[in-house]
Amino acid sequence: MDLLTIGAFAKASRLSPKALRLYDELELLRPARVDPVTGYRYYAPAQLEQARLVAWLRRLGMPLAGIRRVCALDPAAAAAEIRAYWARVEAETAARRDLAVFLADHLAAAAPAPPGKDTVMLELRYCAHSDRGRVRPANQDTAYAGSRLLAVADGFGPAGGPAGRAAVGALKALDTAELPAGSVLDLLEDAVRSAARAVHEVSSAEGTDAACETEGTDGTGTNDPTGTTLTALLWTGSRLALVHIGDSRAYLLRAGELFRITHDHTLVQSLLDEGRLTPEEAAVHPQRSLLLKALSGDASALPDLRLADALPGDRYLLCSDGLSGVLPDDRIRRLLSDRTDPDDVVRALVDAANEAGGPDNIGCVVADLVVADPVAAEA
């Protein structure tokens, strides 16, 4: 077998000899042969692909143990491992980003305002509506909007409707003129605990098993679990706090672009994150409504809690999967963009979901962040 010197192999792989020596020391890429007298390293041409792969994975920041694992896998399994690793990196980065935003906002709020500088006051203008749809015999969705709180809950099981209403009702205490002192995320977390207790009480009163396994029942069964999804935004006057569990969603329309700001807690979404499903496969997966987390009697099912930045002109949509499950994102973006008044937007979204078949209940909240009218604020 013809071997390449370390210099020739470095040139062919576009890596430096120093990097190749490091990979040898780290046991990531051992030479095919080491001269016993001179210690000179020789490499086989077949090692070029692995050398490039190691270099790419190092640039991704993958730990050494992960690189070794990827290099030992076949190409398909290696691709899945890399996708899963990057999904974890993005989740961790999002958490650090939210912490950075929180710290920056916290410090900025504590800083004295420059002399003579006017503070721009913002407020929410909103509309909420819940519709039975065209197939379900009862409506188990709850949609709520107030001056500070926006919320959508999608109940499931025999007492799904009461469960969703109880969850949203527990959060309504935050929709007051002044929020109590303390971290807004702590306040929201306490409210969610109250919501979980309320859902558990509803479930217990119905004599159902509160452990969440499935979603999307029609409310006619007797042994189905009871619970609810919950997606809510709390406006503090300077920023928005998000709580989310389940597969209801929150979207942001900013400067004509649509962003989803929640992550579905479903089996299909986890398979997407791991690279085991394509978006096209996920859309028709038979278990696309199977929840991994929801508000129920399971205290270990923790919701997502984070702060979101807010700018004048932002438009927010909160909806159950009765809307997001039948309308593609591009259609949602157009409907959010084409109308000015939140009431008109909500009506158009609900009508579009029903025109698409209305297979599920539809919970929908649309809210705009606008500059407050100073006269109305003084009144």
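1. Helices here are DSSP runs of H or I with at least four residues, strands are E runs of at least two, and both are numbered from the N terminus. Arg52 and Glu49 form a salt bridge, with their closest N and O atoms 3.8 Å apart; the term asks for a side-chain nitrogen of Lys or Arg within 4 Å of a carboxyl oxygen of Asp or Glu. Arg52 is partly exposed at 28% relative accessibility (buried is under 20% relative accessible area, exposed over 50%, partly exposed in between, with a 1.4 Å probe and protein chains only).

2. Before going on, please keep in mind that this is a predicted model, in which local features need pLDDT of at least 70 and side-chain atom pairs count only at pLDDT 80 or more, while totals for chains, interfaces and linings use all residues. Residues are numbered from 1 along each chain as its sequence is written, and side-chain values use heavy atoms, with hydrogens and water left out.

3. The salt bridges come to 19 by this rule. One of them joins the side chains of Arg315 and Asp368, at 2.6 Å from N to O. This pair links distant parts of the chain, with Arg315 in strand β13 (residues 315-319) and Asp368 in strand β14 (residues 362-371), 53 residues apart. Both Arg315 and Asp368 are buried. Elsewhere, Asp24, Glu27, Arg30 and Arg41 are linked in a salt-bridge network.

4. Next, have a look at Met62, in the loop between α3 (48-60) and α4 (64-71). Met62 is buried, its relative accessible area being 6%. Not counting residues up to four places away in sequence, Met62 touches Leu57, Ile67, Val70, Ile82 and Tyr85, contact meaning heavy atoms within 4.5 Å. Met62 and Tyr85 are 23 residues apart along the chain, and their C-alpha atoms are separated by 7.8 Å.

5. The largest nonpolar core has 29 residues, and Leu171, Leu174, Leu230, Leu234 and Leu295 touch the most other members. Its largest share, 9 residues, comes from α7. Such a core is a set of buried Ala, Val, Leu, Ile, Met, Phe, Trp, Tyr and Cys residues joined through side-chain atoms within 4.5 Å. Leaving aside neighbours within four places in sequence, Leu174 is in contact with residues including Arg148, Leu187 and Leu234.
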